Amino acid sequence: MPLNRGYVGRQLPPTPPYLVGREKVREFASAIGADDPAYHDPEQARARGYPDVVAPPTFAIVPASAASRQLRDDPELGLDYSRVVHGDQRFVYTRPVVAGDELVCAVTVEEITERAGHEFLTTRVEVTTPAGEPVVTVWNKLVVRGEGG
Amino acid sequence: MEAGQRLPARTFRVTRADLVHYAGASGDFNPIHWNERTARAVGLPGVIAHGMLTMALAGRAVTEWAGAPDAVLDLGVRFTRPVPVPDDDAGTEVEVSAVVAAVADGRAELELTATCWGEKVLGKARAVVRV
């Protein structure tokens with residue numbers, strides 16, 4: 001079933017705030033082997049001018065993909081997740097994510113295209129504070145493999 | 001950093017245990033990253049690493065080259081090839097290298113290369129860092 005082209009340009013309602021936990025940041029940093037003390041030790045982070053431990057650059061995938069689950073679970077879009085492959089991913093930071101941040105995610109469907117029997121779904125997630133101050137923009141492109149491949 | 005400079009390559013070992021650890025930390029429990037049966041059923045050679053783990057390792061290399069935990073301003077990649085992770089203690093290795101494409105206004109643009117067994121696993125991989 002092809003993706004519903006009517007979703008292009010659609011903006012989903014912003015998510016409730018995701019609270020960035022200190023232990024979650026440490027856990028994520030440990031999982032990727034990032035051992036800079038600024039990711040783990042609030043004292044060291046503060047000594048270097050951050051309000052709390054800093055999240056590694058791809059940490060924003062955690063709240064962003066939770067927000068995008070709304071699309072995955074929407075039968076009207078027609079996304080067959082068993083045929084999905086991760087295509088492209090990009091993060092553009094206004095400022096780093098730190099423990100204690102509350103992050104609101106607003107998902108927009110930017111583009112749906114088709115090439116060589118595969119479909120491509122590009123979404124943008126604007127990650128902001130509850131007051132609307134920008135933190136990071138997350139782009140994601142999924143490849144939906146065609147029936148033949 | 002200066003334009004044209006080649007940064008020292010970093011090699012990261014990835015084992016099945018790392019995939020389980022990353023699944024838990026990230027919340028990505030797709031079974032192709034831990035279940036051989038599921039991975040083969042969808043046509044993969046076996047369990048593969050999360051693309052986002054490969055990207056995180058690239059982010060680590062970039063962060064370490066730039067020398068600050070929040071130096072990364074922009075990081076973008078294309079996942080061009082899976083990273084199979086065998087079910088043994090050695091796992092596999094991902095090597096990340098970079099060339100400085102440009103430096104201006106306190107920012108450096110890096111062109112990244114990530115390989116596994118000599119094959120590129122990321123395409124269009126670039127980063128902008130504060131320097």
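Predicted model: local features only at pLDDT ≥ 70, side-chain atom pairs only at ≥ 80, totals over all residues.
The lining of the largest pocket divides into 28 nonpolar, 17 polar and five charged residues.

**First stop: the largest pocket**

Select A:Tyr81, A:Val84, A:Val85, A:His86 and B:Asn30, which lie nearest the centre of the largest pocket among its 50 lining residues. The volume of this pocket is about 1,300 Å³. Next, colour the elements that each supply at least two residues of the lining: in chain A these are helix H3 (61–72), strand S2 (84–93), strand S4 (118–128) and strand S5 (134–144), and in chain B they are helix H1 (16–26) and helix H3 (51–66). Which element gives the largest share of this lining? That share, nine residues, comes from H3(A).

**Second stop: the second largest pocket**

The second largest pocket has a volume of about 190 Å³. To find it, select A:Asp88, A:Gln89, A:Arg90, B:Gly76 and B:Val77, the closest to its centre of the 13 residues that line it. Two or more lining residues come from each of S2 and S5 of chain A, and from each of strand S2 (72–79) and strand S6 (122–130) of chain B. S2(B) provides the largest share, four residues. Colour the lining by class: two residues are nonpolar, four are polar and seven are charged.

How many cavities of 30 Å³ or more does a search of the whole structure find? The search finds one. The space in the largest cavity is about 50 Å³. Select its lining, which consists of A:Ala55, A:Pro57, A:Tyr93, A:Pro96 and A:Val97 from chain A, with B:Pro69, B:Asp70 and B:Val72 from chain B. By class, seven of these residues are nonpolar, none is polar and one is charged.

In soluble globular proteins, nonpolar side chains tend to be buried together. In this model, the largest nonpolar core has 82 residues. Select A:Phe91, B:Trp65, B:Leu110 and B:Leu112, the residues with the most contacts inside the core. H3(B) gives the most to this core, with nine residues.

Finally, centre the view on B:Leu112. Which residues does B:Leu112 touch, not counting those up to four places away in sequence? They are B:Val62, B:Trp65, B:Leu75, B:Ser97, B:Ala98, B:Ala125, B:Arg126 and B:Ala127. One of them, B:Trp65, is also among the residues with the most contacts inside the core.

Methods
Residues numbered from 1 in each chain as written. Chains lettered and ligands numbered in written order. Heavy atoms only, no water. 1 Å grid on protein atoms, 1.4 Å probe; cavity = no way out; pocket = protein on both sides within 12 Å on 5 of 7 lines; lining within 4 Å. Points joined across faces, edges and corners; volume = space filled by probe spheres on them. Nonpolar A, V, L, I, M, F, W, Y, C, P; charged D, E, K, R; others polar. Core = buried A, V, L, I, M, F, W, Y, C linked by side-chain atoms within 4.5 Å. Buried < 20%, exposed > 50% of the residue type's maximum accessible area, 1.4 Å probe, protein only. Contact = heavy atoms within 4.5 Å.
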